[in-house]
Amino acid sequence: MSVAPAAGTRPPGSLRRPPAWVLALLKQFGAALVTLVAISMVTFGAVNIRSPESVARDALGRGVTNGAIQAFIRERGLDKSIEQRYWDWISGFARGDLGNSVITQRPVADEVVPRFGRTVLLIGLALAIALPLALAMSLYMARRAGRPDEAAAVVATIVAASIPDFVIGILLLLAFAVALPILPVSSAGLALGTPSEQIIAFILPTATLVIVVTPYLARIGRVAIREALESDFVRAAVLRGTPHRSVVWRHAMPSAALPLVSATAVSLVWLLGGTIVVENLFGFPGLGQLLVEAIQTGDTSMVQAAAAFVGAVFLAVSVAADGIAVLLNPKLRTSR
Amino acid sequence: MTDVARAQLGPGSHARIVGSVRAEEPPDEPDTATGFTYALLHTWQGIAGLALAGVVLAVVLFGPMLAPWSPTEPNVGPTLATASWHHPLGTDTLGRDIFSRFLSGGRTVILVPLVAVTLAFVIGGALGIYAAYVEGWRDAVITRTFDFLAALPPLLLVLLLVAGLGTSDLVVTATVAIVFLPRIGRLVRGTAQAVTKNDYVKAAEARGERTVTILWRELAPNIAGPAIADFSLRLTYGVMFVASLNFLGLGVQPPSPNWGVMINEYRTFLSYNPLATIVPAVGIVFLSVAFNLLADALTRRYQPGLTRWTIPL
């Protein structure tokens, strides 16, 4: 017996097939890649519906000669076929060359990259605060199931979930910048201000995003935790005499974590839209503000780059959330 | 321990499968219309929702007639005046009366989401029922398309399409419909799958009914309840989504009034005349809270097992 392989060692030949969770992660990653390509195509297609002449006219302003417009089109390569232009753009993108702004002629990357970092930080901060908060709220609601104060909490989440993100931001502005003037109206201090101004610039945008996503996450969490508390394995743990604290945290919570993480992945769609709105509301110099600004000025190369980066941020965070969900799923963890 | 035990044994547990649509049995109320009015008139959510919606609709319908000034006429008073008898909400930078703009500015806030969500519901719902009924490769193609469209971030998609097609109510309505279509389609397909195997469908097939007839006369009435509940919820999202677009300056041409655009314009003098921003914001919030309460009342009636937050925008 001592020479026999230990229990759990894989028989020869099984190494060829990677474990299920690796396959699941690869699948998520592949889906994200397909979506990213789709976003780039939609971006490029939408922006290039307009004729080269109208792009040139927007960039050069009124009262330019036909010759100048033709020169602009030739210089920009706008006379090439759309497939060729898409390929030029995407291969340049892969090399790190985002092109120049149609309006200011400055490199797009100079504008996009610092804003990219700020937007990622904003989303990360909002999630880092919203998730623990939602967990605490859902635990509170789930354990008081059926009592009047639970009903009150449910009503509060309905009302909170019906208030559009920009109205929440306006209310926060009214409270903390107008009625009680302790915070700045605009987050523009982020780009050039002192370190303390930069930190303060994050407060209201982050708070708005947290208020937008927390009710949604808390509602999912409440259902997930209640379901876990009512399950047979929790009942068994209670009957074994397991301490209350341990029942909630060791038995119920790990099982409730999976739907909560999946909900987070879905709520990102929301968070991303919220980020675009919030950045414009507070003058926060991030990707969302750049995107809307570029759309309004007709800066096509800026729109393309900003949209591609916004899409990449969205997919990166949702792949991360999906990945965590895969790792949390015991079915995928144990089976090969 | 007591809390846990109570949670376990608590009556009326609605622990069901999160993320899936289960219609184990057809709606217990055979007459959809009766159940519909019951859900709206016998729950506090329904009554509160109807009352709130009534208030906002009254403002939107009768407001333009009651407006003391023209909503688009500049210099009807001094510029940037605060509230007074002549101008209850003050005037803006062009000297337009903000109260008159508020009374006339709600029409597009309701109409654009209503048309967009209805459009998405008709097309997405038809595709969803069809996919559930025919199964096979056609189902796979439709479902994959829905999944793909739903994977694109909504606000980004609309911003890009508006960037390319230009900003107008028509473009915004169409793009918002594209955003909602796959989400509604997936829900309708899931709900319809539960009823396609019923005997009355087999009976209709045996009678030799055409597919369109089976979809419309046999399947559609049996998923009408959940579908209406979902419609009212989508309308909530739609109102909020379109208001956000208007706030970002999309969808409405400058002189015509709109609550979302007003909030964006008037927030520059928020500290000086906060009412100018607060009143249109209250209008939008009343509207979306009203639809959300109605959705809650209908959802509790028609989809008691379905968590309302499983398939959001």
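1. Of its 35 residues, 26 are buried, so α9(A) is largely enclosed by the rest of the structure. The helix is also bent: a kink of about 30° lies at T214(A), shortly before the proline P215(A).

2. Just after α9(B), have a look at G208(B), which takes a positive phi of about 80°.

3. Stepping back to the fold, chain A has 14 helices and 0 strands. Buried residues account for 39% of the 336 residues in chain A. Among contacts of chain A with a separation of 6 or more, 73% are between residues 24 or more positions apart.

4. The domain assignment divides chain A into domain 1 (18–103 + 299–336) and domain 2 (116–297). Taken over C-alpha atoms, the centres of these two domains of chain A are separated by 28 Å. Their contact takes 18 residues from domain 1 of chain A and 19 residues from domain 2 of chain A. On the domain 1 side, the residues touching domain 2 of chain A divide into 14 nonpolar, 2 polar and 2 charged.

5. Now to the largest nonpolar core, which holds 166 residues. The members touching the most others are V213(A), L291(A), A306(A), V310(A) and L159(B). α11(A) gives the largest share of this core, with 17 residues. Both domain 1 (18–103 + 299–336) and domain 2 (116–297) of chain A give residues to the core, so it lies between them.

6. Leaving aside neighbours within four places in sequence, V310(A) is in contact with L272(A), L287(A), G288(A) and L291(A) in chain A, and with L156(B) in chain B.

7. At the interface, 57 residues of chain A are in contact with 49 residues of chain B. Several helices of chain A each supply at least two residues to the side that touches chain B, among them α1 (20–47), α6 (148–162), α9 (195–229) and α13 (300–328). The largest share of that side of chain A, 11 residues, comes from α11(A). By residue type, the side of chain A that touches chain B has 40 nonpolar, 9 polar and 8 charged residues.

8. A word on confidence, for which I would look at chain B. Its mean pLDDT is 79, and 85% of the residues of chain B reach 70 or more. For the model as a whole, the scores are ipTM 0.78 and pTM 0.81.

9. Two stretches of chain B deserve a friendly flag. Over residues 1–30 of chain B, pLDDT stays under 50, and the model has 50 contacts beyond four places in sequence for this stretch. Residues 306–313 of chain B also have pLDDT below 50, with 23 contacts in the model beyond near neighbours in sequence. Where pLDDT is low, predicted coordinates should not be read in detail.

Technical notes. Residues are numbered from 1 along each chain as its sequence is written. Chains are lettered from A and ligands numbered from 1 in the order in which they are written. This is a predicted model: local features need pLDDT of at least 70, side-chain atom pairs count only at pLDDT 80 or more; totals for chains, interfaces and linings use all residues. Helices (H or I, at least four residues) and strands (E, at least two) are DSSP runs, numbered from the N terminus. A residue is buried if 20 or more other C-beta atoms lie within 10 Å of its own, exposed if 12 or fewer, and partly exposed in between; C-beta atoms are placed from the backbone. Two residues are in contact if their C-beta atoms, placed from the backbone, lie within 7 Å. Ala, Val, Leu, Ile, Met, Phe, Trp, Tyr, Cys and Pro count as nonpolar, Asp, Glu, Lys and Arg as charged, and the others, Gly among them, as polar. A nonpolar core is a set of buried Ala, Val, Leu, Ile, Met, Phe, Trp, Tyr and Cys residues joined through C-beta atoms within 7 Å. Domain bounds come from an automatic or database domain assignment. The bend at a residue is the angle between axes fitted to the seven residues ending there and the seven starting there. pLDDT is the predictor's confidence in each residue, from 0 to 100.
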